[in-house]
Amino acid sequence: MAASAEEVQNLTNAEGSGSRIHQWPASPKSALGISGAEPPMTDIEVEFQQTLRRFALEVMRPIGRKLDRMTPEAIIADDSPYWEFRKKYLELGIDLAQLFEMPPEVRSRMFCLIFEELGYGDGGLAISVGAGVLPQYLSALFGNQFLMERFPQEMLGCWAITEPDHGSDTLDPTGAARHADGKVSRSNCIVSFKGDKMVINGQKSAWVSNGTVAEVCILYAAADTGNGADYEHGCVVVLPLDLPGISRGKPLDKIGQRGDPQGEIFFNDVEVPMEYLLAGPEDFQRAVYCIHAEANVLMGATWTGAARAAADMAFEYAHERKQGGVPIIRHQRVAQRIFEMYRKVEAGCALTRRAAHYNQSADVPALQAAMMAKVSATQWAHEVTSEAIQIFGGNGLTAEYPVEKMFRDARSSMIEDGCNELLSIKGGYLISDAQKGA
């Protein structure tokens, strides 16, 4: 005689009563947390993340939308909401010194968590924060106590590397990605070493994040030690931007990330004491490698956060908007889009955190891993924000809804910090050279 379904179930329960699976609901479901499939975090990390999420939603998002509709000149004016954002960000008390005291695995997780949540609020403002700490961050990595104390993290920083005639060139001082017949023309900005001082002449391009408002600059430039300008063996100088001979260009008017006030910086016989030198010619390629590895991971985290924000907005809208008598989430193609969006967000998060952990722990960070994070996360952010517009339909094309701004912001990310094509080429050579010992 065959056993009944109830008898079979009772037997199964008795044999496997200690199994974790038997504690699941009969129809299992699991909701992801505020940052997706996140492994368990400490109570401190949970509280910190929640604080940052509130800051992202209550401060960054509304201020970012205001700035997006303002002229470039109004964005940097004394009464601009940008300065309200800056004040409230500093009140969060994020301390670089404490970050460096953490074990590598904790530091890498916190670094990603910070910029994921800032990106969740507003991509352009998040990049402004990231660029703003680079002078202090690199000074700490190089162990330069004088520069760390001279330029505390409360001073808004910028990273001046790109030049009018040298965009991708500046991130490839070894020429690894250069065409075999390619030649790099004379640098637009040159630091001349003259006795006990340096003299800076030239300009950095309009793409300097915070360039129009920063108080301190980490300058990457060609060095002239007496034999002419040499970018392959350039130098890095950390200097205040109120010195005689320094001027700024007009703030850049651009498609997206308008909350990041970019603009040119001009140097006309600017004299700087040698104590402001962070890296000389012998350390220049180390310095380019170092800042690029850090900045690309920062980009990966920021745009993963921005993609998550767009996916969350599309998810909520898909449950509110009705077509055919049902919420559009019940239409198969919409559900599939939502899945693909979150798949890319999760992949970007995992790859970025993996690269961050490896690079914080390794004797020498893998720039190619940071490049993978940047290229992947920005590409996926562009795709996710585009899909968000598609789910919003006609509403997604209007300024009334935030997804069109997020799409414009994400589009810019595939060019900044090295366009994705250049990074992929150089990354391929880095993989080859490292693996083959070239």
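1. Start with Asn210, which is buried at a relative accessible area of 0%. Keep in mind that this is a predicted model. Asn210 sits in the loop that joins strand 3 (197-204) to strand 4 (216-224). Its backbone is worth a look too: phi of Asn210 is near 70°, a positive value in a residue other than glycine. Most residues other than glycine have a negative phi.

2. Asp269 goes on the list for its backbone as well. Phi is near 50° for Asp269, again positive in a residue that isn't glycine. Asp269 belongs to strand 7 (residues 265-273), whereas Asn210 is in a loop.

3. Now a couple of glutamates. Glu45 is part of helix 2 (residues 43-68). With a relative accessibility of 4%, Glu45 falls below the 20% cut-off, so it counts as buried. Who does Glu45 touch, once neighbours within four places in sequence are set aside? Val106, Arg109, Met110 and Leu113 are its contacts.

4. Glu294, in helix 9 (residues 284-320), is also buried, at a relative accessible area of 16%. If you skip residues up to four places away in sequence, Glu294 touches Phe111, Tyr137, Leu141 and Gln360. Take Tyr137 from that set: Glu294 and Tyr137 are 157 residues apart in sequence, yet their C-alpha atoms are 9.4 Å apart in space.

5. On to a helix pair. Helix 4 (residues 81-91) and helix 7 (residues 123-141) have axes that come within 12 Å and cross at roughly 60°. The crossing of helix 4 and helix 7 is right-handed. On the helix 4 side, Tyr82, Phe85 and Tyr89 make the contact, and on the helix 7 side, Leu125, Ser128 and Val129 do. Sorted by class, this contact has five nonpolar residues, one polar and no charged ones.

6. Last, helix 11 (residues 367-392). Its 26 residues reach 37 Å from the first C-alpha to the last, close to the 38 Å expected at 1.5 Å a residue. How many of the 26 residues of helix 11 are buried? The count is 19, so helix 11 is largely enclosed by the rest of the structure. Just after helix 11 comes Gly393, with a positive phi of about 65°.

How values were computed:
Residues numbered from 1 in each chain as written. Predicted model: local features only at pLDDT ≥ 70, side-chain atom pairs only at ≥ 80, totals over all residues. Heavy atoms only, no water. Helix = DSSP H or I, 4+ residues; strand = E, 2+ residues; numbered from the N terminus. Buried < 20%, exposed > 50% of the residue type's maximum accessible area, 1.4 Å probe, protein only. Contact = heavy atoms within 4.5 Å. Axes fitted to C-alpha atoms, helices over the stretch in contact; angles between N-to-C directions. Left-handed = near helix turned anticlockwise from the far one by under 90°. Nonpolar A, V, L, I, M, F, W, Y, C, P; charged D, E, K, R; others polar. Expected span 1.5 Å × (residues − 1).
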